[in-house]
Amino acid sequence: MKFCFNGCLILGTLDGANVNGCLILGTLDGANVEIAEEVGEENMFIFGAKVDEINDLRVKMSQTNPSDYVGPELRRVFSEIEKGTFGNKEELTELLNTVRNHNDFYLVCHDFYSYLEA
């Protein structure tokens, strides 16, 4: 398993420089756009905002009360992070605060629910 910093999770086996039989779960931006052009979107699990939607969504998220876009499922994840379930809770809580304080620049809250569906 490999996590790509361009917003995708690749599950598969690595054989040298090749990935054999992988699943790609990711947002349709960055390198995933190029991958989709090569393999077809139908062969990927795509979630989240598209590149052309990002600027408008960032403005919208910055003007919206976070309680309007953080639903119960995501609140549960935040709660587990704050408990320290996934690592250093002080550092991770600082990261959460950037999402909760009208500054969800990477659209984590927006993309979360389509991620669950993917």
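**Figure 1. Order of the secondary-structure elements in the predicted model.** From the N terminus on, the elements of the protein follow the order β-β-β-α-β-α-α-α-α. The protein has 5 helices and 4 strands; helices (H or I, at least four residues) and strands (E, at least two) are DSSP runs, numbered from the N terminus. The model is predicted, and local features need pLDDT of at least 70, side-chain atom pairs count only at pLDDT 80 or more, and totals for chains, interfaces and linings use all residues. Residues are numbered from 1 along each chain as its sequence is written, and side-chain values use heavy atoms, with hydrogens and water left out. Of the 118 residues of the protein, 28% count as buried; buried means under 20% relative accessible area, exposed over 50%, and partly exposed in between (1.4 Å probe, protein chains only). Among the contacts in the protein with a separation of 6 or more, 41% come from residues 24 or more positions apart, where contact means heavy atoms within 4.5 Å.

**Figure 2. Ile46 in strand E4.** Ile46 lies in strand E4, which comprises residues 45-47. The C-alpha atom of Ile46 is separated by 6.3 Å from that of Leu28, and these two residues are 18 residues apart along the chain. When neighbours within four places in sequence are left aside, Ile46 is in contact with Gly26, Leu28, Glu41 and Ala118.

Figure 3. Ile54, Leu57 and Met61 are buried in H2. These residues are on the same side of H2, because they cover an arc of only 60 degrees around the axis; the arc is that of the directions from the helix axis to the C-beta atoms. An α-helix has 3.6 residues a turn, so residues three or four places apart point the same way. The face of H2 turned away from the buried side carries the exposed residues Asn55, Asp56 and Lys60. H5 is included in what covers the buried residues of H2.

Figure 4. Thr64 is placed in the loop between helix H2 (54-62) and H3. The side chain of Thr64 reaches the backbone oxygen of Lys60 at 2.6 Å. Apart from neighbours within four places in sequence, Thr64 is in contact with Tyr69 and His102.

**Figure 5. The packing of H3 against H4.** Helix H3 (residues 72-83) and helix H4 (residues 89-100) pack at an angle of about 150 degrees, and their axes are 8 Å apart. Axes are lines fitted to C-alpha atoms, for helices over the stretch in contact, and angles run from 0 to 180 degrees between N-to-C directions. H3 and H4 are therefore roughly antiparallel to each other; angles under 35 degrees count as roughly parallel, over 145 as roughly antiparallel, 65 to 115 as roughly perpendicular and the rest as oblique. On the H3 side, the residues are Phe78, Ile81, Glu82 and Lys83, which meet Lys89, Leu92, Thr93, Leu96, Val99 and Arg100 in H4. By class, the contact of H3 with H4 has 5 nonpolar, 1 polar and 4 charged residues. In this classification, Ala, Val, Leu, Ile, Met, Phe, Trp, Tyr, Cys and Pro count as nonpolar, Asp, Glu, Lys and Arg as charged, and the others, Gly among them, as polar.

**Figure 6. Glu82 of helix H3.** Glu82 is placed in helix H3 and counts as partly exposed, because its relative accessibility is 33%. The side chain of Glu82 makes a polar contact with the side chain of Arg100 at 2.8 Å. A polar contact is a pair of N or O atoms within 3.5 Å; within protein, one must be able to donate a hydrogen and the other to accept it, and residues adjacent in sequence count only if both atoms are side-chain atoms. Not counting residues up to four places away in sequence, Glu82 touches Lys89, Thr93, Leu96 and Arg100.

**Figure 7. The packing of H3 against H5.** H3 and helix H5 (residues 108-117) pack at an angle of about 105 degrees, with axes 10 Å apart, and H3 and H5 are therefore roughly perpendicular to each other. Pro72, Glu73, Leu74, Val77 and Phe78 of H3 make the contact with Cys109, Phe112, Tyr113 and Leu116 of H5.
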